[in-house]
Amino acid sequence: MIVATTIRAVRARRQELDRLGRRVALVPTMGALHEGHLSLVREAARRADEVWVSIFVNPTQFGPNEDFDRYPRQLERDRELLEAEGVALLFAPTTKEMYPKPPSVLLDVPQLTAGLCGAHRPGHFRGVALVVVKLFNILRPEVAVFGAKDYQQATVIKRLVEELDLPVEVVVAPTVREADGLAMSSRNAYLHGPDRQAAAILQAALRAAAAALVAGERRGQVLEGIVAAHVASEPAARLQYAAAVHPDTLEPLETVGDRVVLAVAAFVGGVRLIDNLVVEVP
Ligand code: AMP
């Protein structure tokens with residue numbers, strides 16, 4: 001596995017692959033890799049000749065009171081995991097390499113980021129959009145694989161690719177979960193003792209709302225209320241939002257049609273967790 005830390009090195013490798021006609025599938029990450037990330041790597045391997053992974057804890061997507069400084073960093077372990085998966089190239093740039101000066105470009109998709117996480121993390125998706133477009137321009141992957149766990153992020157990226165005519169195919173792969181349903185996340189490492197058990201409430205709450213939907217409940221607000229009530233039943237959890245939104249526009253649904261995204265964000269033991277379920281109405 002090539003480990004590249006500079007844009008120059010990775011561009012040189014990309015030019016070689018262009019000459020060989022080899023296709024690259026990229027998995028962008030912030031590291032502290034888990035099975036969720038590795039499932040994206042395996043999906044990427046099915047879609048191209050080489051899998052490339054980026055590990056970059058992107059400062060522009062963290063708010064001033066968020067966990068940028070304490071975000072888990074374990075590059076050596078990550079490198080071994082990726083090597084074992086047969087990844088061809090790891091791009092792990094420094095902040096200076098990615099942002100030699102403070103960025104002045106704003107990439108904003110206000111229609112998609114007004115609600116859900118966007119409402120609670122101002123500037124977050126601008127940071128995501130900027131770093132993803134930069135990574136696409138630096139690495140020029142034919143395919144890029146993202147996780148459904150970050151549904152709003154994947155939706156924003158698909159929209160950027162569409163409207164900016166970026167020559168990359170975006171693939172969204174399913175959320176990988178722990179045995180009790182908790183969506184895998186690098187931030188789960190912050191959860192200790194009873195908080196770890198309590199965190200399973202997010203998935204349980206979404207499942208309860210999905211069950212009500214299947215049983216005939218179509219009112220978005222009622223479904224949101226079911227998610228909220230379940231989260232409230234767990235003393236260690238504090239709800240940030242519960243939403244029933246359209247899968248493409250991310251707008252709240254008064255009445256659910258044939259598809260809905262049920263999404264939730266909550267703090268458990270001070271750790272902000274998110275989860276979602278896409279439900280097809282029978
Ligand atoms: P992160 O390192 O958290 O920025 O995530 C990098 C990529 O992995 C994103 O596309 C995430 O959506 C995806 N991802 C994170 N957790 C999971 C999971 N549990 N299952 C599937 N994909 C995930």
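1. On the side-chain side, Asp150 places a polar atom 2.6 Å from a ligand oxygen atom.

2. The ligand is surrounded by 17 residues, each having a heavy atom within 4 Å of it. The closest are His37, Gly147, Asp150, Val176 and Met184.

3. The model is predicted: local features need pLDDT of at least 70 and side-chain atom pairs pLDDT 80 or more, whereas totals for chains, interfaces and linings use all residues. Residues are numbered from 1 along each chain as its sequence is written, and side-chain values use heavy atoms, without hydrogens and water.

4. The protein chain is assigned domain 1 (2-173) and domain 2 (186-275), with bounds from an automatic or database domain assignment. Their centres, taken over C-alpha atoms, are 26 Å apart.

5. Which residues supply 34% of the area that domain 1 buries against domain 2? The two domains bury about 1600 Å² between them, 56% of it on carbon and sulfur atoms; this is the accessible area (1.4 Å probe) lost on putting the two parts together, summed over both. Leu116, His120 and Tyr151 supply that 34%, more than any other three residues.

6. In terms of contact (heavy atoms within 4.5 Å), 21 residues of domain 1 meet 15 residues of domain 2. Seven residue pairs, both members at pLDDT 80 or more, are in polar contact between the domains. Helix H8 (151-163) is one of the elements giving two or more residues to this side of domain 1, and H8 gives the most, with four residues.

7. One salt bridge is found across the domain interface, the term meaning a side-chain nitrogen of Lys or Arg within 4 Å of a carboxyl oxygen of Asp or Glu. Asp67 and Arg187 form a salt bridge, with their closest N and O atoms 2.8 Å apart.

8. The structure holds 21 salt bridges. Among them, Asp18 pairs with Arg140 at 2.8 Å, N to O. Asp18 lies in helix H1 (residues 7-20) and Arg140 in the loop between helix H7 (124-139) and strand S5 (143-147), so the pair ties together parts 122 residues apart in sequence. Helices (H or I, at least four residues) and strands (E, at least two) are DSSP runs, numbered from the N terminus.

Definitions and conventions. A polar contact is a pair of N or O atoms within 3.5 Å; within protein, one must be able to donate a hydrogen and the other to accept it, and residues adjacent in sequence count only if both atoms are side-chain atoms.
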